[in-house]
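Q: I'd like to learn how to read a few local features in a model. Could you walk me through them, with the general idea and then the case at hand?

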Amino acid sequence: MNHDRQIVGAASGSPVGDPGPPGLDPLPKPLRDPKPMLDRVIAEWGGHQDLWLFGYGSLIWRPDFGFVERHPARVHGWHRALKMWSRVNRGTVENPGLVFGLLSGGSCRGMVFRVPAAEGLETLGRLWLREMPTGVYDPRWLECTTPHSKVRALAFTLSRRSPNFTGELSDERYAQIFESAVGRYGSSLDYAHQTLLELRRHAIHDAALARLVRLADSRLSASTDCGEPAARIYPSASTQETKE
């Protein structure tokens, strides 16, 4: 049984549909039970005020929830890094892919979203289906600075002690992952491309991500020029994906 549905049911009290297209492989065993973390976040939020959420990766280009405000924002003490293994959405247990984590240190520019209080509980449940099926992230309330004010927003951070933290990867390893890792919502390379494009659309410069994408594109171009089969092109996230 996919316990993710139970998580959302506990949060919203209503039936939940399928969380997304089925993967070829079953979900890995959860690292931690996600439900107590959801219960804690709900209790800390309280439900009486609108809910703020901080997006730094795919939440920017595919939030998958309704919101009434969206603003550029910066958090201090954390930075975006493509250093989290993905064994479901962008890879498999046998061939893990990569997604972003929010690691301690530095600063990060992203977007904050304001969700009406009446929709907050359902939104948190949907986010847990998408971001917390195996309990990898550490949900954390962070102070976010917007052009208008400071808000307290929920963000999904990653501990360096997590087994899903990749540590330092060589350029060769990144290239191998980009060439081969595919999960239930597409390839790691597509994920990196989509995020870079959306960051640029919001005038957010991420030099580390831009370098990795150039590396992957260069390798792909070189393989094609040499007559080797080009990497499979997957449909873009805007047409294929519904959740992450």
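A: Gladly. This is a predicted model, and we can begin at a helix end. D33 caps the N-terminal end of α2, with a side-chain oxygen 3.1 Å from the backbone nitrogen of K35.

Q: Which residue just after α2 takes a positive phi?
A: That is G46, whose phi is about 90 degrees.

Q: How many residues does helix α2 have, and what should they span?
A: Helix α2 covers residues 34-45, which makes 12 residues. At 1.5 Å a residue they should span 16 Å, and the end C-alpha atoms are 17 Å apart, which agrees.

Q: Which residues of α2 are buried?
A: Start with the general idea: an α-helix has 3.6 residues a turn, so residues three or four places apart point the same way. In α2, the buried residues are P34, M37, L38, V41, I42 and W45. Looking down the axis of α2, these buried residues fall within an arc of 135 degrees, so they line one face of the helix.

Q: What about phi outside helices?
A: Most residues other than glycine have a negative phi. D64 sits in the loop between α3 (58-61) and β2 (69-86).

Q: Where is A203, and is A203 buried or exposed?
A: A203 lies in the loop between α6 and α7, and its phi is positive too, near 60 degrees. With a relative accessible area of 55%, A203 is exposed. D64, at 21% relative accessibility, counts as partly exposed.

Q: Is H202 buried or exposed?
A: H202 counts as buried because its relative accessibility is 18%, and the cut-off for buried is under 20%. H202 is in the loop between α6 (188-201) and α7 (207-225). Its side chain makes a polar contact of 3.5 Å with the side chain of R201. Leaving aside neighbours within four places in sequence, H202 is in contact with I60, R70, R109 and M111.

Q: What lines the largest pocket?
A: The general idea is that rolling a probe the size of a water molecule over the atoms shows where empty space is left. In this model the largest pocket holds about 410 Å³ of space. Its lining has 27 residues, of which M84, N89, V99, E131 and Y137 lie nearest the centre. The elements giving two or more residues to that lining are β1 (51-55), α3, β2, β3 (97-115) and α4 (117-131). The largest share, 3 residues, comes from β2.

Technical notes
Residues numbered from 1 in each chain as written. Predicted model: local features only at pLDDT ≥ 70, side-chain atom pairs only at ≥ 80, totals over all residues. Heavy atoms only, no water. Helix = DSSP H or I, 4+ residues; strand = E, 2+ residues; numbered from the N terminus. Buried < 20%, exposed > 50% of the residue type's maximum accessible area, 1.4 Å probe, protein only. Polar contact = N/O pair within 3.5 Å; in protein donor to acceptor, adjacent residues only side chain to side chain. Contact = heavy atoms within 4.5 Å. Expected span 1.5 Å × (residues − 1). Arc of directions from axis to C-beta. 1 Å grid on protein atoms, 1.4 Å probe; cavity = no way out; pocket = protein on both sides within 12 Å on 5 of 7 lines; lining within 4 Å. Points joined across faces, edges and corners; volume = space filled by probe spheres on them.
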